[in-house]
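Subject: Structure handover

Hi,

Here is the structure for you to look over. My notes on it follow below.

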Amino acid sequence: MDLNSLILPLLIVLLAVPLFLQARKQKRAMAEQQKLQNSITPGDRVMTTSGVFGTVVATNDDTIDLELAPGLTTTWVRQAVREKVQTEGAEAAAEVKDETPAETEAKVETESKAEVAEPIEQQKTN
């Protein structure tokens with residue numbers, strides 16, 4: 001068998017494998033995004049593809065209503081939702097819940113006792 005006859009099949013394999021893996025990765029990402037968009041319910045805090053944060057007020061088959069500020073509700077296409085985000089209160093509660101009393105005491109004890117120096121202008125006059 002000649003080496004030249006193996007180059008073409010080898011080249012095809014080397015090009016086909018990355019394309020196949022990329023297609024699988026893209027398909028998996030699309031499935032995750034579809035799952036996210038189907039799981040959106042009123043009360044969820046979400047971020048849109050344009051970076052706008054809002055709370056879901058109502059959902060339809062292909063649209064959602066987001067409350068961006070108290071009294072300001074807008075309608076968005078469901079595909080514009082990029083991700084669900086946790087509210088700051090939920091994150092803070094999770095952090096506090098994870099800490100033990102010993103960790104809380106350690107935080108208090110490690111606070112700096114350094115004093116702030118007076119401004120340079122005042123130091124020069126003294």
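First, a definition: buried means under 20% relative accessible area, exposed means over 50%, and partly exposed is in between, with a 1.4 Å probe and protein chains only. By that scale Thr55 counts as partly exposed, because its relative accessibility is 25%.

Two notes on provenance. This is a predicted model, in which local features need pLDDT of at least 70, side-chain atom pairs count only at pLDDT 80 or more, and totals for chains, interfaces and linings use all residues. Residues are numbered from 1 along each chain as its sequence is written, and side-chain values use heavy atoms, with hydrogens and water left out.

Overall layout

The protein chain has four helices and five strands. Helices (H or I, at least four residues) and strands (E, at least two) are DSSP runs, numbered from the N terminus. Along the sequence the pattern is α-β-β-β-β-β-α-α-α. The protein chain has 126 residues, and 12% of them are buried. Contact here means heavy atoms within 4.5 Å. Take the contacts between residues at least 6 apart in sequence: 37% of them join residues at least 24 apart.

Strand pairing

Two strands pair if DSSP finds at least two bridges between them.

- β1 and β2 (residues 53-59) run antiparallel, with three bridges. Val46 has Gly54 in β2 as its bridge partner. The two strands form a hairpin with four residues between them, and Gly51 in the turn has a positive phi of about 90 degrees.
- β2 and β3 are also paired in the antiparallel sense, over four bridges. Thr59 is partnered by Ile64 in β3. Three residues link the strands in a hairpin.
- β3 (residues 63-69) and β4 (residues 72-77) run antiparallel, joined by six bridges. Ala69 is the bridge partner of Leu72 in β4. Their hairpin has two residues between the strands, and Gly71 takes a positive phi near 85 degrees.

Around Thr55 and Arg45

Thr55 sits in strand β2. Its C-alpha is 5.7 Å from that of Asp44, eleven residues away along the chain. Beyond its neighbours within four places in sequence, Thr55 contacts Gly43, Asp44, Arg45, Asp65, Leu66 and Glu67. Arg45 belongs to strand β1 (residues 45-48). Arg45 counts as partly exposed, because its relative accessibility is 28%. Its C-alpha lies 9.7 Å from that of Val57, twelve residues apart in sequence.

The salt bridge

How many salt bridges does a search of the whole structure find? One. The criterion is a side-chain nitrogen of Lys or Arg within 4 Å of a carboxyl oxygen of Asp or Glu. Lys84 and Asp44 make it, at 3.3 Å from N to O. Lys84 is in strand β5 (residues 81-84) and Asp44 in the loop between α1 (3-38) and β1, so the pair ties together parts 40 residues apart in sequence. Asp44 counts as buried, because its relative accessibility is 17%. Lys84, at 36%, counts as partly exposed.

Arg78

Arg78 is in the loop between β4 and β5. Arg78 is buried yet has no salt bridge, and the nearest side chain of opposite charge, Asp61, is 6.4 Å away. For charge, Lys and Arg count as positive and Asp and Glu as negative, while His and the chain ends are not counted. A polar atom of the Arg78 side chain does lie 2.6 Å from the backbone oxygen of Gln37. Leaving out neighbours within four places in sequence, the contacts of Arg78 include Asn38, Ile40, Thr59, Asp62 and Ile64. Thr63 is also one of them. Thr63 is in strand β3. Thr63 counts as buried, because its relative accessibility is 19%.

The core

Which residues form the largest nonpolar core? There are six: Ile40, Val46, Val56, Ile64, Leu66 and Val81. A nonpolar core is a set of buried Ala, Val, Leu, Ile, Met, Phe, Trp, Tyr and Cys residues joined through side-chain atoms within 4.5 Å. In soluble globular proteins, nonpolar side chains tend to be buried together. Beyond its neighbours within four places in sequence, Ile64 has contacts that include Ile40, Trp76, Arg78 and Val81.

Best wishes

Technical notes. Polar contact = N/O pair within 3.5 Å; in protein donor to acceptor, adjacent residues only side chain to side chain.
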